[in-house]
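Please read them with the coordinates open.

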Amino acid sequence: MSAEAYAASGQQAHDEPDVLAQREFGFWLYLMSDAIIFGLLFATYAVMASNTAGGPTGKTLFSLPNAFAETLLLLFSSITFGFATLATKSNDRVAALRWLTVTFLLGLGFVFLEIREFYGLVQLGAPPSRSGFLSAFFTLVGTHGLHVSFGLTWILIMAGQLIAKGLTAPVASRLLRLGLFWHFLDIVWIGIFSVVYLPGVL
Amino acid sequence: MDRSTAAPDHDLKSYLTGFALALALTAIPFALVATHALPKLTTLVVIAGAAVVQVLVHLHYFLHLDLRSTARANLLAIVFAAILVFIMIGGSLWIMLDLHQRMAM
């Protein structure tokens, strides 16, 4: 190895942890701006929740078992993503892929339940245009569902990278950021079932 | 992110602890709403309390946030966002509820 190449590789090895830490910080900034979006959607929902314009209320529309099933799917997908993170840390590519697959299926189940719920609401004559309450409901819950769908796409992409590239340092670092995103979405969901579904059914 | 060199066993235990706590903090409010075991106001207070605690559980056990090992810049970003959210949500609700009352709607 020439002195130049040696210096270059040393430089790279020196920079890498810094670069990864910076990317993680950047991703935190994104997550926090996302948290502000959700915060304002929550505030909008809280203001609009009683404006049903003589239309159906949460008590008649929301299904507690459906909300509970969605909650469990996301919670289980959080722990299975945790297992994928642990597999990444112990450099076990097969286990990481396996847990990513399980996480993907659980997330897919969540999105399926949500779309089915939305479709049922529209069928019941409760589309977003029916009242301020329903506009705010669809915006808040739909934005979260859209995030989960993007998360699912990202899981597919990372599974592809795991297969094609293996568990290299950049792939592992992307997986960690995907984990932050996925756990963040579960936290937003805690807010949704505590602010929307439980008080709505009560 | 957790950069500690803790053994995988420890990490696994941390995830499972967080999962068990989150499961309990989910089951309690759902059970209360399903059974109507408590008065309405008490139930709402329990829902809010369980939600706040569960968010902290997720932050600690799943996102591995803690005051020692998390990078200072990341913590600052989180605290700043929390303040913004508090001002914007609190302020919006304050204004709109006040307006609601004054309009006697």
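1. Is Leu61(A) buried, exposed or partly exposed, and how many other C-beta atoms lie within 10 Å? In this predicted model, Leu61(A) is partly exposed, because 19 other C-beta atoms lie within 10 Å and a buried residue needs 20 or more. The residue sits in helix 2 of chain A, which covers residues 58–61. Setting aside residues up to four places away in sequence, Leu61(A) touches Pro56(A), Leu121(A), Leu124(A) and Ala126(A). From Leu61(A) to Ala43(A), 18 residues apart along the chain, the C-alpha separation is 21 Å.

2. Leu198(A) counts as buried because 27 C-beta neighbours fall inside 10 Å, where the cut-off is 20 or more. Apart from neighbours within four places in sequence, its contacts are Phe193(A), Pro29(B), Val33(B) and Ile47(B). The C-alpha atoms of Leu198(A) and Gly179(A) are 27 Å from each other, with the two residues 19 apart along the chain.

3. On helix 6 of chain A: the element runs over residues 169–201, 33 residues in total, and its first and last C-alpha atoms are 47 Å apart. That span is close to the 48 Å expected at 1.5 Å a residue.

4. As for Leu140(A), its contacts beyond four places in sequence are Leu41(A), Phe42(A), Tyr45(A), Ile192(A) and Val196(A).

5. On the contact between the chains: 36 residues of chain A and 37 residues of chain B take part. On the chain B side, helix 1 (8–35), helix 2 (40–62) and helix 3 (72–103) each supply at least two residues. That side of chain B divides into 29 nonpolar, six polar and two charged residues.

6. Chain B itself has three helices and zero strands, in the order α-α-α along the sequence. Of its 105 residues, 19% count as buried. Among contacts in chain B with a separation of 6 or more, 66% join residues 24 or more positions apart.

7. On confidence: the model scores ipTM 0.87 and pTM 0.89. Chain A averages a pLDDT of 91, and 93% of its residues score at least 70. Residues 5–11 of chain A have a pLDDT below 50, and this stretch has one contact beyond near neighbours in sequence. For chain B the average is 87, with 89% of the residues at 70 or above. Within chain B, the mean is lowest in helix 3, at 90, and highest in helix 2, at 94. Residues 1–6 of chain B have a pLDDT below 50, and the model gives this stretch eight contacts beyond near neighbours in sequence. Where pLDDT is low, predicted coordinates should not be read in detail.

Conventions: Residues numbered from 1 in each chain as written. Chains lettered and ligands numbered in written order. Predicted model: local features only at pLDDT ≥ 70, side-chain atom pairs only at ≥ 80, totals over all residues. Helix = DSSP H or I, 4+ residues; strand = E, 2+ residues; numbered from the N terminus. Buried ≥ 20, exposed ≤ 12 C-beta atoms within 10 Å, placed from the backbone. Contact = placed C-beta atoms within 7 Å. Nonpolar A, V, L, I, M, F, W, Y, C, P; charged D, E, K, R; others polar. pLDDT = per-residue confidence, 0-100. Expected span 1.5 Å × (residues − 1).
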